[in-house]
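Please look through the structure below with an eye to its aromatic rings and to the residues around them.

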Amino acid sequence: MTTDTPARLLQLLSLLQTPREWPGGELADRLGVSRRTVRRDIDRLRDLGYPVQASMGSDGGYRLVAGKAMPPLVLDDEEAVAIAVGLRAGAGHALEGVDEASVRALAKLEQVLPARLRHRVSTLQAATTPLTSGDGASIAPETLTVMASTVAGQERLRFAYRAKDGTESRRLTEPYRLVSTGRRWYLVAYDLDRQDWRTFRVDRVRDPFATGARFAPRELPTGNAAEYLRQSIHGRPDARAYEYDITFHAPAELVAARLPSWLGTPTPTPDLPDDGHRNGSANGGDEGESPRGTLGSGCRLRGSTSDPVEWVAVRLAMLGYEFSVREPRELVDCARELSGRLGRAAGPQPETADATTE
């Protein structure tokens, strides 16, 4: 039971910011107080300017709705618009670092935005085009906010889904988590029709609808949504983790700027032996190259993963810097095979005319 009134009001406000209607009895159970205390707390929030709407019925329900103005001491108009636009841009393109918490924040913010501010947000977003990296598909922020609200409110979610082969279906799920890979958004959920856990690409979801039916969360097999998604994507629930050791012939800060966070962080190696590779400077010149025998601006990357070695090899090659694989042997062999395949694809090197003439 929360006996401190300010703390209880903040907890109540946090619950009400989830876009759903809360029965008075459920709020009382969550807060550990009587229904009468809940009614008094609702009146206190209204006195503070929060537009809480009550519905009639045997249990009575409460919902935070958009008012004529932003609630006091939260955000002014300019701050609200700036945050909403930023969150929409990040959520719609699955930018790395914009996770489910940010989408939940967007859902809460848009729940209480007055109509005049919603119009400003939509107008500004329509007039701008973000420059994003990767090939992830764009997603309507409204789709993510509906999903995030059902995850937070433990509410069943129905939607239309298009599978990889183009098959269309209707799904009724118990949403567990939204996961961003940095390229795409995925929903991890329990599929009630198939009686099993599933992952869904959010860019293939249409017409998400919160049914209003509550559910008790099930236990995810892996205990972690990100790990379950990783196993689902690669189709290897028994995937074996392996350690890797990679040397880059480029400064650690340059490699880190292009390296996916899931591969780790490279560490500088100022006395790196010269394997015959050139320093991977941005201009391709000799600047920054140390005397033969050492490279003064190399770095080393060590870590572990259970991702396929083919994917890791391709991702490393995409960085644009020279590198050497020390371990594991499977990754060494894969890099060598990939090098040969790309070389054959390019065909024989064209002969150059002799620059000297007699």
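**A serine and the rings around it**

Ser-169 lies in strand 5, which spans residues 168-180 (strands are DSSP runs of E of at least two residues, numbered from the N terminus). This is a predicted model, in which local features need pLDDT of at least 70 and side-chain atom pairs count only at pLDDT 80 or more, while totals for chains, interfaces and linings use all residues. Residues are numbered from 1 along each chain as its sequence is written, and side-chain values use heavy atoms, with hydrogens and water left out.

Because its relative accessibility is 19%, Ser-169 counts as buried, a term that means under 20% relative accessible area with a 1.4 Å probe and protein chains only. Leaving aside residues up to four places away in sequence, Ser-169 touches Phe-159, Ala-160, Tyr-161 and Arg-194, where contact means heavy atoms within 4.5 Å.

Two of these neighbours, Phe-159 and Tyr-161, are themselves buried, and ring pairs link Phe-159, Tyr-161 and Phe-200 into a cluster. Across the whole structure, a search finds six aromatic pairs, rings of Phe, Tyr and Trp (its six-membered ring) being paired if their centres lie within 6.5 Å, with planes under 30 degrees apart counted as stacked, over 60 as edge-to-face and the rest as tilted. Among them, Phe-159 and Tyr-161 are edge-to-face, at 6.3 Å centre to centre and 75° between the planes. The pair of Tyr-190 and Trp-197 is also edge-to-face, because the ring centres are 5.5 Å apart and the planes stand at 80°. Tyr-190 has 9% relative accessibility and therefore counts as buried, and Trp-197, at 8%, counts as buried too.

Terms used
Buried < 20%, exposed > 50% of the residue type's maximum accessible area, 1.4 Å probe, protein only. Helix = DSSP H or I, 4+ residues; strand = E, 2+ residues; numbered from the N terminus.
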